[in-house]
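My notes follow in the order in which I went through them.

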Amino acid sequence: MKRFGALASLLVTAAVMPAAGGVKVWEGTLSIPVYEEGLPDVNPPFDTFTSSRFNYPYTLRTSLTGARVTKNLRALYLENEYLKCSVLPDIGGHLYSCTDKTSGQEMFYANPSIKKALIGMRGAWAAFGIEFNFPVSHNWMSMSPVDFATRQNADGSASVFVGNIDRPYGMQWMVELVLRSGSMLLEQRVTLYNRSDLRRRYYFWNNAGVEATNQTKIVYPMRWSASHGFTFVDTWPVNHAGMDLSIVGNHTAGPVSQFFHGTREGFQGIWQPPTNTGVVHYADFAALPGRKIWSFGVDADGLDWHKALSDNDSGYVEVQAGPFRNQETYSFLPPQDRLTFSEYWMPVRGTGGISRANREGVVNLHRAGGKLTAKLNVNRLIEHGRVRLKYDGRVLAEYSGRLQPAATLGLGPVDAPRGKATFELSEDARTLLTHTEDTYDFADPSQIKVGPQEPVNRQKDPLELGTAQELDGALIEAYSTFTGALKQDPQNFELNKAAGRLAVALKNYDDALRLLKRAEVRNTSDAEIHYYLGHAYYDTGDLKEAEAEWDYAQLQPPFRAPARLLLGRLAALNGDPARGLELVRSALVEKPSMFRAGAAEVALLRVLGRTEEARKCSEGWIEQDPMSNWLRLEHVKLG
């Protein structure tokens, strides 16, 4: 090991280095106090007939008894040399805890009790760990059992899978949590899949609770932040009222709920000065541009929430991320479409703060008394690392050698001119992490309007208004908007198409046929019209017309895969499983990511007596969808 330049130091931040070894995954129990509930309300509102919260067919869980009982909850454990994590599949699949074994600190809010309040979509909700929200906020299964699986992977890593297929929409989410040997990263792989036959509205936000005190520092690389609904853009960290919101103790004017705005950075973090530790979330900004910080605040109402959600009056903040700019924004996921992206969580220790982070590590640059110091954590072993502090092309301090995940590397303090110094981490001449002081990927200030934002007026455009209502889940309102506008303009192509498509979702098939046929006259090659006409015919029992419409739909790429999957199902129902298999496989050529088609492929192979082929096919699909009950059933049927 070699050291060059001024005052480089390599500090191990634990008395004993973690022992090298593989990654373990196992099922066990977690003993924890849980607050009991009374009987659920079995009369929930229908999605179709409400414009606010909807839950059908799920019950409402609004009877909180206040009775505290210690329970042994089923828990899934995932552990390597550096991290030990626990997941609770019977409480929404939440990651409950993840301990940094080097510092001994919890990365997330491991609430010592499961204490419930009426916050969730169905009512009961508790604050702890990481909550996965799809396709709606504080989703229907957030406090209920979800599907799960564990796997020891061929590359030596291990995984815990949690997920669910929701009942209102038939949408599927799956989160794979991965630990690798020798790595400080907790990898979170997210899959969002519309396995239904209709397009569905959705959003996804992860919600990670991190325990907070008045000293806790929020490290979000942004100059501006946006409110819910994008109604107000403020400055960050010091807001328009002169309050530095990056310090939790300053949250004295109610809750803080702010979204990223005007930045393209991929990291965000929480720093705990009392313990000199923290946690960072990282994801490719292009895949996950939405970020949010939430705090109940430390005023009287905020402290009441601390009491309501914990037995030890502990507070926490929420580090959140999602694909859209805020939590009022939904989008449509077409039938059989699938989205995947990865997120990463990493502990931080001994750096004095957070200046920048990515998958390779976390660095903090700090100036004091005219001196500059750099502190670095790396997330994996780097055998031939090189770390440099530079200013105006001149090297101020340098280190070359081995970098270990359980150690903190310090460069400096060194004399540094006023201006911006640059930190560089490289391996074998490949740059891994670089940061220039106070320099981030921000928008030009001329592009940002601070203060109240111009409200969007959709009243003059019924198509835009109805689509916005549909995205908000107000389906009856949206349908009324579309059909009301059609009274004034009965031949409008887009309005007929939108109303007809929505009529299929509302199971109003006679209206759907009338509206979609009217649109079809205007454009006979529109695959979406044929696709939804096929559904209307199918659900009214006219299978011959349904087949004809889906045949038209599969001619165009956007609907080729879902239409062929439906044609395959129709062929199998008509007693021709060989033709059904041919169609399902041709659908998979177009869109290989369709879990539902994969299970259908296995089932059709079994029905055709091609048992060995079915077994091999099943093994391949269960690798992709390890929680599939359909595939598990096929495994049993295949012996």
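For the first entry I needed the cut-off: a salt bridge is a side-chain nitrogen of Lys or Arg within 4 Å of a carboxyl oxygen of Asp or Glu. I kept in mind that this is a predicted model.

I looked up Asp526 and found a salt bridge to Lys497, with the closest N and O atoms 2.9 Å apart. Asp526 sits in the loop between α5 (509–522) and α6 (527–539), whereas Lys497 belongs to helix α4 (residues 493–505). The two are 29 residues apart, and the pair links distant parts of the chain. I noted that Asp526 and Lys497 are both buried.
Next I took Arg501, which forms a salt bridge with Glu528; here the closest N and O atoms are 3.0 Å apart. Arg501 lies in helix α4 and Glu528 in helix α6, so this pair ties together parts that are 27 residues apart in sequence. Again I found both partners, Arg501 and Glu528, buried.

I then checked Arg356, whose side chain meets that of Glu265 in a salt bridge at 2.8 Å, N to O. Arg356 is in strand β26 (residues 356–358), and Glu265 is in the loop between β19 (256–261) and β20 (267–272). I recorded a sequence separation of 91 residues for this pair. Are these two residues buried or exposed? Arg356 has a relative accessible area of 13%, and therefore counts as buried. Glu265 is buried as well, because its relative accessibility is 7%.

How many salt bridges does the rule give? I got a count of 42. I also found a network of salt bridges that links Arg151, Asp155, Glu176, Arg180, Glu187, Arg189 and Glu623.

I turned to helix α8 (residues 557–573) and helix α9 (residues 577–590), which pack with their axes 7 Å apart at an angle of about 170 degrees. The two helices are therefore roughly antiparallel to each other. The crossing of α8 past α9 is left-handed. On the α8 side I listed contact residues including Arg560, Arg564, Leu565 and Gly568. On the α9 side they include Arg579, Leu583, Val584 and Glu590. By class, I have nine nonpolar, three polar and four charged residues in the contact of α8 with α9.

Helix α3 (residues 475–488) and α4 cross at roughly 145 degrees, and their axes come within 9 Å. I logged this crossing of α3 and α4 as left-handed. From α3 the contact takes in, among them, Leu475, Tyr479, Phe482 and Leu486. From α4 it includes Leu495, Asn496, Leu502 and Ala503. What classes make up the contact of α3 with α4? I noted eleven nonpolar residues, two polar and no charged.

Last, I looked at Gly163, found in strand β11 (residues 158–165). Its relative accessible area is 1%, so Gly163 is buried. Leaving aside neighbours within four places in sequence, I found Gly163 in contact with Val146, Asp147, Trp173, Met174 and Met627. I also checked Pro89, which is 74 residues from Gly163 in sequence and 8.8 Å from Gly163 in space, C-alpha to C-alpha.

Technical notes
Residues numbered from 1 in each chain as written. Predicted model: local features only at pLDDT ≥ 70, side-chain atom pairs only at ≥ 80, totals over all residues. Heavy atoms only, no water. Helix = DSSP H or I, 4+ residues; strand = E, 2+ residues; numbered from the N terminus. Buried < 20%, exposed > 50% of the residue type's maximum accessible area, 1.4 Å probe, protein only. Axes fitted to C-alpha atoms, helices over the stretch in contact; angles between N-to-C directions. Parallel < 35°, antiparallel > 145°, perpendicular 65-115°, else oblique. Left-handed = near helix turned anticlockwise from the far one by under 90°. Contact = heavy atoms within 4.5 Å. Nonpolar A, V, L, I, M, F, W, Y, C, P; charged D, E, K, R; others polar.
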